[in-house]
Amino acid sequence: MPQILPALPEDAQALSQLVNAAYRGDTGRQGWTTEADLIDGTRTDAELLREVMQRPDSVILKYVDNEEIIGCVELRVEGAKLYLGMLTVKPTLQKSGIGKKLMQAAEAHAREKGCTAIFMNVLTDRSELIAWYERQGYTDTGQRKPFAFTDPRYGFPKKPLEFMIMEKKISVYSAAGKSQTAE
């Protein structure tokens, strides 16, 4: 039975392989989330993922089915908001609902942490991905920032790229246990 669980440091290598397969290179072209035409190199590595897992404000959730990690998402509390990154599904399993389940788990995590919104960075060139996030309730905040990573573990852009910041307000639970929409 599939499960969504916090990733452990010993999962870092498998997570790295999954993320790189989904975002870069020819294997990523099997799915629809590839960045291979925009960025060369790797998306991440095991060491970087272990660093993320060691931060007290961060977690990587893994989607496991039959003992195989087939999806993941990085979550980090930043004040009253939750940053969502590295949403990944094995390329051959994309469009099967796993991404939506990881997004639901992210919302539950945000509520648990008392966050009122979830935000993410999405490359502006990724119109199909932006449309998918919009269908999940995310909106463009109007904020932009350049793809300006100098660490080669994030890859090398093939052209100038920028991120749009997308956000979704989420319901929070009051002390009385009633759901309220975040302002």
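Buried means under 20% relative accessible area, exposed over 50% and partly exposed in between, with a 1.4 Å probe and protein chains only. The model is predicted: local features need pLDDT of at least 70, side-chain atom pairs count only at pLDDT 80 or more, and totals for chains, interfaces and linings use all residues. Residues are numbered from 1 along each chain as its sequence is written, and side-chain values use heavy atoms, with hydrogens and water left out.

View 1. S58 is buried, its relative accessible area being 11%. Helices (H or I, at least four residues) and strands (E, at least two) are DSSP runs numbered from the N terminus. Beyond its neighbours within four places in sequence, S58 is in contact (heavy atoms within 4.5 Å) with V52, M53, L75 and R76.

**View 2. Buried residues of helix α3.** In α3 (residues 46-54), the residues A46, L48, L49, V52 and M53 are buried. They lie on the same side of α3 because they cover an arc of only 160° around the axis, the arc being that of the directions from the helix axis to the C-beta atoms. Their cover includes α1 (12-23), β3 (58-65), β4 (68-78) and β5 (81-89).

**View 3. The largest nonpolar core.** A nonpolar core is a set of buried Ala, Val, Leu, Ile, Met, Phe, Trp, Tyr and Cys residues joined through side-chain atoms within 4.5 Å. Of the 28 residues in this one, L84 and Y133 touch the most other members. Its largest share, six residues, comes from α4. Leaving aside neighbours within four places in sequence, Y133 is in contact with L87, M103, M120, V122, Y138 and M166.
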